[in-house]
Every structure is written in structure tokens, then in C-alpha cells.
Amino acid sequence: MNQKKGFWSFLGASKAEEEGTVGAVTKSEEVVHDDVTTNTKDLGENQKKSAGKRRSDIDMDLPVTEEICCFCVASLENILQAAGFSGCVRLKEFSEHFIALDIFDAGADNGRLIGKQGNTVLALQILLRQFVLRKFRVSCKISVDVDGYKARQKTQFRSDVMSSAQKVLDGEPEVSLDPMNAPDRRAVHVMFEHHDQLTTESVGEGDQRYVVIKAR
């Protein structure tokens, strides 16, 4: 029987590097604007030109096709197998610029597939998006879920945020939420964007950045 190695071991990260890899992957998700994560800051002129050419090759208007969906399902299945995870992959839905995949029947591996604060799922999404960019030169958003985790997490997340907001409505000057990733912070800001009594602000740096809910 093959020993299970886990996702970060599959990527070649040592235990000491694991947290740094998670942080780097999460940060790349926060700063990417055109689905190309090449950092040109430290590149030479020729490399910069090459990176710019690769970006110009990507057609932002090309739609997702069934071929791309099948490629994503097969690629994710291969990643799971190579990393020693249980589970199957199915296509939940797709549209012109969006693909939703679901990992199911993973059993005890569910937690490891989700990762701390959903970071493993986030890394899988980034990997698949880059695979699609390189093979098809198509830009699209890819969502990976694990046995309904995202729906449960979204419900719990909203409940926790509203509970904190109620404390401010009840008289506390402000409440600080736990550190969270950029998509979750944006979700909180959107929740109170038009609230007549509450406002929000992001505070902190890196993976310790969090949202403060306070009275207007």
C-alpha cells in the first residue's frame, strides 16, 4: 500500500516550508489581476518581454469548453492520486468563464483536502487555473469544493460575522474578527457596504490581516 504523502509533500515542500508555501499561494491569489502570476520585479529585460508576450497570448474572451472541463477533472484526479488522497472528482457546473468542481467520497481525507482556513482548496484552484492558462491560453475562474464544505463554511462564516456585528449594534465601539484571507475580507466589506449603522476596515499585514467592524 502506498503511504499517503499529502498535498504539500506532493508539491515537494518540507514540513518547515509548508506554512510559507501556503502563505505564498494565498498571497498570489490576493494580488493576481489578469490570471498570470509572473512577478516581473526581479526579471531581466528579456524575461520581462517574454512574460509580457505570454500575457498578451491569453484571450480573456474565449469561453470555457467541455474539453477544458474534462481536462480540469482529469488534472484534479491526477493530483489527488499523486498526493495519495482518496476521493473522486465531478464537474458541478460551468459557464463561459467559470468552472466548478467537487471532490467527493474522500472520507477521512476531507480535512486535509480542505486545509487550514481552506488553503489547500485555494491552492488547488490556483494550480488548475494555471494549468488551463498554459494549455489552452484561456482565462477562467475555477472553484474546487470538498463534499459541500464551501456551502457549510459560507453559512457559518456569515453567522459568525453577523454575531460580531450585533455586538457593535449593542454598544461596543468596535469588534475585530479573526485573521482571514482576501476573498473573505472582501465578503465582509460587501456585507456592510451599505449598512446605515456599521462600517468595516481591514487592518494588519499578510496572513494576520483582519477586519474590524465598527459604528459609523
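Helix 4 (residues 66-83) and helix 6 (residues 119-136) cross in a right-handed way, meaning that the near helix is turned clockwise from the far one by less than a right angle. Helices here are DSSP runs of H or I with at least four residues, strands are runs of E with at least two, and both are numbered from the N terminus.

The two helices pack at an angle of about 130 degrees, with their axes 10 Å apart. Axes are lines fitted to C-alpha atoms, for helices over the stretch in contact, and angles run from 0 to 180 degrees between N-to-C directions. Helix 4 and helix 6 are therefore oblique to each other: under 35 degrees counts as roughly parallel, over 145 as roughly antiparallel, 65 to 115 as roughly perpendicular, and the rest as oblique.

## About the model

This is a predicted model, where local features need pLDDT of at least 70, side-chain atom pairs count only at pLDDT 80 or more, and totals for chains, interfaces and linings use all residues. Residues are numbered from 1 along each chain as its sequence is written, and side-chain values use heavy atoms, leaving out hydrogens and water.

## The sheet

Now for the strands, which pair if DSSP finds at least two bridges between them. Three strands form an open sheet in the order 1-2-3, with mixed pairing. Strand 1 (88-95) and strand 3 (141-146) are its edges, each pairing on one side only.

Strand 1 and strand 2 (residues 98-104) run antiparallel and share 7 bridges. Look for V89, which sits opposite I103 of strand 2.

Notes:
Contact means heavy atoms within 4.5 Å.
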